[in-house]
Amino acid sequence: MNNTPPHGIDLAARSRARRRALQALYAWQVGGARMGSVIEQFRHEQDMQVADQEYFEDLLRGVEQHVKELDEGIKPFVDRDVAQIDPIERAALRMGAYELKYRPDVPYRVVINEAVEATKRFGADHGHSYVNGVLDKLATHWRTAEKR
């Protein structure tokens with residue numbers, strides 16, 4: 001079965017890239033290693049062969065490059081300092097915020113759904129609800145035209 005739609009994006013590979021990016025962002029946040037080292041470490045894992053490697057790296061390098069701006073964007077919609085948010089939820093919020101701001105080619109509903117699903121898989125029991133609420137508010141702010 002081929003998951004590649006006519007526009008050439010393998011949606012399953014992109015979903016896997018997001019899940020791996022969430023884990024890599026978690027490792028980056030918690031471990032403090034350089035992003036290049038984190039990318040290299042994840043690049044050699046078996047399931048990266050079926051992930052969208054280019055998208056994975058774009059997410060990681062984009063979050064790293066824009067982390068201050070992303071955190072500022074998230075800040076009005078959270079109930080605590082961004083640094084105090086659970087590391088998995090923080091990684092999902094940063095990744096989702098990056099996609100909302102810098103990947104207008106990805107519909108906001110896809111961004112939110114993918115972040116929620118990844119948080120369900122790797123985060124705390126109700127972390128996905130928190131991520132959903134914050135990213136929905138951020139999408140209203142950053143994707144005004146699309147959310148109408």
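View 1. The model is predicted: local features need pLDDT of at least 70, side-chain atom pairs count only at pLDDT 80 or more, and totals for chains, interfaces and linings use all residues. Residues are numbered from 1 along each chain as its sequence is written, and side-chain values use heavy atoms, with hydrogens and water left out.

**View 2. The aromatic pairs.** Two aromatic pairs occur in the structure. Phe42 and Phe56 make a tilted one, with 6.3 Å from centre to centre and 35° between the planes. Rings of Phe, Tyr and Trp (its six-membered ring) pair if their centres lie within 6.5 Å; planes under 30 degrees apart count as stacked, over 60 as edge-to-face and the rest as tilted. This pair links distant parts of the chain: Phe42 belongs to helix 2 (residues 35-43) and Phe56 to helix 3 (residues 53-74), 14 residues apart. Helices (H or I, at least four residues) and strands (E, at least two) are DSSP runs, numbered from the N terminus. Phe42 is buried too, at a relative accessible area of 6%. The other pair is Tyr98 with Tyr102: the ring centres are 5.4 Å apart and the planes stand at 25°, so this pair is stacked. Both tyrosines lie in helix 4 (residues 87-102), four residues apart, which separates them by about one helical turn. Tyr98 is buried at 6% relative accessibility. Tyr102 is partly exposed at 28%.

**View 3. Charges over rings.** Arg14 lies over the face of Tyr55, 3.9 Å from the ring centre. Lys101 places its charged end over the ring of Trp142, at 4.8 Å from the centre. A charge sits over a ring if NZ of Lys or CZ of Arg is within 6 Å of the ring centre and within 35 degrees of the ring normal.

**View 4. The nonpolar core and Leu60.** The largest nonpolar core holds 43 residues. Such a core is a set of buried Ala, Val, Leu, Ile, Met, Phe, Trp, Tyr and Cys residues joined through side-chain atoms within 4.5 Å. The residues with the most contacts inside this core are Leu25, Phe56, Leu60, Ile74, Val78, Leu93 and Leu135. Two or more residues come from each of helix 1 (11-31), helix 2, helix 3, helix 4, helix 5 (108-122) and helix 6 (127-142). Leu60 touches Ala21, Ala24, Leu25, Met35 and Ile39, with residues up to four places away in sequence not counted. Contact means heavy atoms within 4.5 Å.

**View 5. Arg18 and Glu114.** Arg18 is in helix 1. At 2% relative accessibility, Arg18 is buried. Apart from residues up to four places away in sequence, Arg18 touches Tyr55, Leu59, Met95, Glu99, Val106, Val110 and Glu114. Glu114 is in helix 5. Glu114 is also buried, with a relative accessible area of 16%. Neighbours within four places in sequence aside, Glu114 contacts Ser15 and Arg18. Glu114 and Ala13 are 101 residues apart along the chain, and their C-alpha atoms are separated by 12 Å.

**View 6. Val131 in helix 6.** Val131 is found in helix 6. Its relative accessibility is 0%, so Val131 counts as buried. Not counting residues up to four places away in sequence, Val131 touches Glu89, Ala92, Leu93, Ala115, Val116 and Thr119.

**View 7. The whole chain.** The protein has seven helices and zero strands. Its elements run α-α-α-α-α-α-α from the N terminus on. The radius of gyration is 14 Å, close to the 15 Å that the globule rule gives for 148 residues, so the protein is as compact as a globular protein of that length. This radius is taken over C-alpha atoms, and the rule is 2.2 Å times the number of residues to the power 0.38. The C-alpha trace spans about 40 × 40 × 30 Å along its principal axes. Of the 148 residues, 45% are buried. Among contacts between residues at least 6 apart in sequence, 69% join residues at least 24 apart.

Notes. Buried means under 20% relative accessible area, exposed over 50%, partly exposed in between (1.4 Å probe, protein chains only).
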